[in-house]
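Have the sequence and the 3D view at hand as you read.

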Amino acid sequence: MKKMIALLGVLAITATSTITAQKLDKFGADLGKKSVMGKEVRIPYTDLLTYYGYIKPGAKPDEERGGKKYYYIYIWIPAAAPEVGVRMASPVDKMTPEKTDIVSADYTANAADKTNYFDTWISLERAEGITSAADLGKGKTASWNVYDQNDDSSEMPAQPSGSKYNSLMRITSEVSNPKKALVAGLYRIGFTTYKTGEVQGSFVAQVGAPVKLPGVKIAQTIDELMKLVAAQ
Ligand SMILES: [Ca+2]
């Protein structure tokens, strides 16, 4: 009987969390997508990196463009990928970092802030001319080629306001086009808030690929990224 009660307890917790938690669903790929009985069926990305970040209200942005404050997360991708998916949600509500996740120092220091969040907007960009780890430092002065951008995705959970303003995009590599090919290189996720308002509070960002990409690293700055790559 005890066992039965325990089992029911587990089931109850599972059922509740499915309904209320703002956890992210499995991140499914475009590659191999099927339509079954009119429903979209996606295979989850094989490689998935999760990054927990935090922007202090009023923090200096990495760049200001067109009156908007942009912040960046840098990614070293050491092999070509057929597709890359990027998504971001703010705030980090009911999610907890797992062992393999990347947790920024700012996130850890501000874990108590559960209220600040922002309407996310993301881009994926690659530094021109950087294809080897030895050249990562050149990313500080490189020009950046934008692959795609996204403001709001209906696939993402709603923000505390009730609006579905979180972001998600999938980019398919176009091998014949150097500007659209997902080659090995230094990438960054640019993020801001598309409408008026400040970029502030906690966020979780994920980068997925339909193939295993050993050695992918994510960091808040190019210097941190270089340390991570050198340490592996
Ligand atoms: Ca948005």
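This is a predicted model: local features need pLDDT of at least 70, side-chain atom pairs count only at pLDDT 80 or more; totals for chains, interfaces and linings use all residues.

Q: Why is Met37 called exposed?
A: Met37 has a relative accessible area of 84%. As for its place in the fold, Met37 sits in the loop between strand E1 (34-36) and strand E2 (39-41).

Q: What makes Val36, Met37 and Val41 a nonpolar patch?
A: Nonpolar side chains are joined into a patch within 5 Å, and Val and Met are on the list of residue types that count. Val36, Met37 and Val41 form such a patch on the surface, and together they have about 330 Å² of accessible area.

Q: What makes a residue part of the lining of the largest pocket, and which residues lie nearest its centre?
A: A lining residue has an atom within 4 Å of a pocket point. For the largest pocket, with a volume of about 430 Å³, there are 17 lining residues, and Leu48, Thr50, Met95, Glu98 and Gln206 lie nearest the centre. Strand E3 (residues 47-55) gives the most to this lining, with three residues.

Q: How do the residues lining the second largest pocket divide into nonpolar, polar and charged?
A: Asp, Glu, Lys and Arg count as charged, and the lining has eight charged residues, along with four nonpolar and one polar. The second largest pocket has a volume of about 280 Å³. Closest to its centre, among 13 lining residues, are Asp25, Lys26, Glu40, Arg42 and Glu155. E2 gives the largest share of this lining, three residues.

Terms used. Residues are numbered from 1 along each chain as its sequence is written. Side-chain values use heavy atoms; hydrogens and water are left out. Patches are made of residues with over 30% relative accessible area and no salt bridge: like charges are joined within 9 Å, nonpolar side chains (Val, Leu, Ile, Met, Phe, Trp, Tyr) within 5 Å. Accessible areas come from the Shrake-Rupley method with a 1.4 Å probe; for residues, only the protein chains shown count as cover. A salt bridge is a side-chain nitrogen of Lys or Arg within 4 Å of a carboxyl oxygen of Asp or Glu. Helices (H or I, at least four residues) and strands (E, at least two) are DSSP runs, numbered from the N terminus. Buried means under 20% relative accessible area, exposed over 50%, partly exposed in between (1.4 Å probe, protein chains only). On a 1 Å grid over the protein atoms alone, a cavity is a set of points where a 1.4 Å probe fits but cannot get out, and a pocket is an open set with protein on both sides within 12 Å along at least five of seven lines; lining residues have an atom within 4 Å of a point. Grid points are joined across faces, edges and corners, and a volume is the space filled by probe spheres set on the points.
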